[in-house]
Amino acid sequence: MSRNFVLITSFTIFVAIFGLFGCDNDRNSDIICKNNPELCADLHKDSWCRFEKGNLIRHRYQLKKVDKPTGKQLYKQLVYLETYSDCIRLAAGVQHKVNTYRTLDRERAFAVSTQTLAELQESTKTNNEVHLAFYRWIRFNDQAGLAIVEDTYKQGMLIDNEIITQLAAYYVRVSPQDSKKLYLHLLATTEPEKIDPDWFLALASIYRQQQNEEKEYLLTRANLLISENQVNENKLLALIKGDRALALILDGQAVELVSAVMSKQFANSESETLLK
């Protein structure tokens, strides 16, 4: 192979990679700001809060490309703006004795982001799309927002896992059967890499309320199998009155449960039937 071929090939690869970060590429916040300065004018200039700022810029760019943002898009904008504002608030407290303009720039950015967030919250407070209703419930304990989320669930139209997770957690206290149904739905429909081990503990707490110690043991063991949580084995065994033979059976069921969930085979499986 000639040296010239190697150089040409390397240059071609470089150009291909560089092309990924071309003008207005929505993965590169610096390029977005260069070509759409209005999206970044109110943000701070230095490298603090880099990820929070980048997420906000990229989402602003996505919104710029649509005529009418969806409720979910507005919800994400609220969350990204909140996250950025929280981060820059802390950064604004870092005082620069030499480059004082940096401190002033962050203070300005924090003040503007706070005002912008308040305006966005105000402009969406009468929008009853489920994501925005969910936002008002979670952030402000808005009961009308909760009612919209619950109504969407009862109509079988709730499909966002983030909302389902929060509603399931809320129902642990007020409606355990609905909570169980939602957690089982999450285990059956969520991609393995997005499974939250705490869902097993939430289900365990429901069975604890129902004084079903065997299921509590089973689900606690399932949580331990896919998390870094630690447990006192003697206390766990005490749930089933120290019955080691039963523990072996339940441990096996926990392995089957986790295997079914992580291989996307949980729906209509023996493990799902066992927990219904």
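Biologist: Before we start, what counts as a disulfide here?
Modeller: A pair of cysteine sulfur atoms within 2.5 Å. The model is a predicted one.

Biologist: How many disulfides does the structure hold?
Modeller: Two. Cys33 is joined to Cys40, with an S to S distance of 2.0 Å. Cys49 is joined to Cys87, and there the S to S distance is 2.1 Å.

Biologist: And the pattern along the chain?
Modeller: It is 1-2, 3-4, counting the bonded cysteines along the chain.

Biologist: Take Cys33 and Cys40. Is their link left-handed or right-handed?
Modeller: Left-handed, with -90° about the S-S bond.

Biologist: Is Cys40 buried or exposed?
Modeller: Cys40 has a relative accessible area of 10%, so it is buried, the cut-off being under 20%. Cys33 has 22% relative accessibility and therefore counts as partly exposed.

Biologist: Now the other pair. What is the angle about the S-S bond of Cys49 and Cys87?
Modeller: The angle is -95°, and that link is left-handed.

Biologist: Where do Cys49 and Cys87 lie?
Modeller: Cys49 is in the loop between helix H2 (29-35) and helix H3 (50-64). Cys87 is in helix H4, residues 71-92.

Biologist: Are Cys49 and Cys87 buried or exposed?
Modeller: Both Cys49 and Cys87 are buried.

Key
Residues numbered from 1 in each chain as written. Predicted model: local features only at pLDDT ≥ 70, side-chain atom pairs only at ≥ 80, totals over all residues. Heavy atoms only, no water. Buried < 20%, exposed > 50% of the residue type's maximum accessible area, 1.4 Å probe, protein only. Helix = DSSP H or I, 4+ residues; strand = E, 2+ residues; numbered from the N terminus.
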